[in-house]
Amino acid sequence: MTDLTSLGVKAIRDGVASGDFTAREVAESFNAAVASAAELNAFIVTTPDHALAAADAVDAKRAKGEALGAMGGVPIGMKDLFATHGVQTTAASHILEGFQPQYESTVSRNLWSAGAGMLGKLNLDQFAMGSSNETSYFGNVASPWRREGTNAAMSPGGSSGGSSSAVAARIAPAATGTDTGGSIRQPAAFTGICGIKPTYGRCSRWGVVAFASSLDQAGPMARSVEDCAIMLGAMAGFDAKDATSLKMDVPDWEGALNADLKGKRVGIPKEYRMDGTDEAIIASWEQGKQWLKDAGAEIVDISLPHTKYALPAYYIIAPAEASSNLARYDGVRYGLRDLPEGAGLQDMYAATRAEGFGDEVKRRILIGTYVLSAGFYDAYYNQAQKIRTLVSQDFEKAWADCDLILAPTTPTASFPLGSLNDDPLTMYLNDVFAVPASLAGLPAMSVPAGLNPDGLPLGLQLVGKAFDEQSVLDAGLAIQQRAGFDHAPERWW
């Protein structure tokens, strides 16, 4: 039999449906793979019984001749930001350690309804705040990739680093991620997989631990564009419990996939040629243009003039929203409670948050509270919101000249864990190419483009018009077919 852990979402779903193997055999294979990969620290909690129970339900349906669902028989990893009924949900923070929700997030419920099972809850940067997966209370996640000639542990990207590491290591065929300022796309690029952030509102935020509510958006991470299209279709949909949810039908993204880009114009933003971008990244961008030309697209130069202000604006808006969202963690209702002897209510709040939040979370709460304070609200927060509007308008103007935008996903390939811990500014710059699409709420995807001279993956980013995930996926498929990226990390764990 084929090594089942080498298969992706489509191959597993179709193989189970045709009887080539059972869903239980798939779940058992991936459960064993997860258990053998503890050194990656990709999972905070494993749930082998959940994966097996879902698999048995799919096998029973098949025996009765019933429809199996879009994800029938596919076990996935669930980023530990999604509430899962009766299963610990922590956002990788000590302050939520031991918290077991008595409800299910809309996205995870949609996936279970589509026939998926859960291998476990994936590690991440604490409260999704980080670009390297080094801020988790439960320890760093290691990328399965290694730089040639060294055994140094490499970053899987963040915040969805557990998701990217698990998918790249073939211990999960796919995983959920969330993207606030690049947290699906950047880790996907670092680990040689695909990841798409859909239009803001496509996937419900209900039951997802909030970081920055106007930016957070769930999306799939998998090893192919086709697999992302399948999983996104299962995740998306209107949800009355989320006031920002789009009341729109979910398209058949998988069925409509088409790598023929004749008639499409792809914009190349001149502002994305930034100092400090790795030469290998620039070379891959040039190659990407050629691939899209080969697929029939016309390449045009465009301008997004407010790009240089996007990252500073993001690091005002996101922390401001975080400082508001994280105020709910006070030790009163759930999660950690630190009550020093003789302490009053305010003392309990302070002690609980001091112990429960990590340094990066505290840093962003402090920044966010500062920019929202009475003396600085207009100078910082209001100005950042104006820039956000200008960034969105840049994209709207660009659509007059193009249908899609091609850009690098990240300015560099992955870096060793620990190498940027003392340089938060450089760490924040990892999201410089990803943040503009997040501020504008646009669909954006990272697709593997090749390896750099050190043998590390590089990604190309595609940004599309609001609600036009199909064009993003189609262009991603065109790159995937021409890049022929079939590299896999050599097993060291």
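Buried here means under 20% relative accessible area, exposed means over 50%, and partly exposed falls in between (1.4 Å probe, protein chains only). The model is predicted, so local features need pLDDT of at least 70 and side-chain atom pairs count only at pLDDT 80 or more, while totals for chains, interfaces and linings use all residues. Side-chain values use heavy atoms, leaving out hydrogens and water, and residues are numbered from 1 along each chain as its sequence is written.

**View 1. Strand E2, covered on both faces.** E2 spans residues 75-79, and since 5 of its 5 residues are buried, the strand is largely enclosed by the rest of the structure. Pro75, Gly77 and Lys79 sit on one side, with Ile76 and Met78 on the other. Helices (H or I, at least four residues) and strands (E, at least two) are DSSP runs, numbered from the N terminus.

**View 2. E2 next to E3 (residues 117-122).** The two strands run parallel and pair over 5 bridges; pairing takes at least two DSSP bridges. Look for Lys79, whose bridge partner in E3 is Leu122.

**View 3. Leu111 in the largest nonpolar core.** This core has 150 residues, and Leu111 is listed with Met71, Ile76, Phe127 and Leu292 as having the most contacts inside it. Helix H9 (residues 307-325) gives the most to the core, with 10 residues. A core is a set of buried Ala, Val, Leu, Ile, Met, Phe, Trp, Tyr and Cys residues joined through side-chain atoms within 4.5 Å. Leaving aside residues up to four places away in sequence, Leu111 touches several residues, including Met71, Ile76, Met78 and Thr176 (contact: heavy atoms within 4.5 Å).

**View 4. Glu469 and Arg202, a buried salt bridge.** The closest N and O atoms are 3.1 Å apart; the cut-off is a side-chain nitrogen of Lys or Arg within 4 Å of a carboxyl oxygen of Asp or Glu. Glu469 is in helix H15 (residues 469-483) and Arg202 in the loop between E5 and E6, so the pair ties together parts 267 residues apart in sequence. Relative accessible area is 0% for Glu469 and 5% for Arg202.

**View 5. Asp454 with Arg147.** This salt bridge comes in at 3.9 Å, N to O, and links loops 307 residues apart. Both ends are partly exposed: Asp454 at 34%, Arg147 at 27%.
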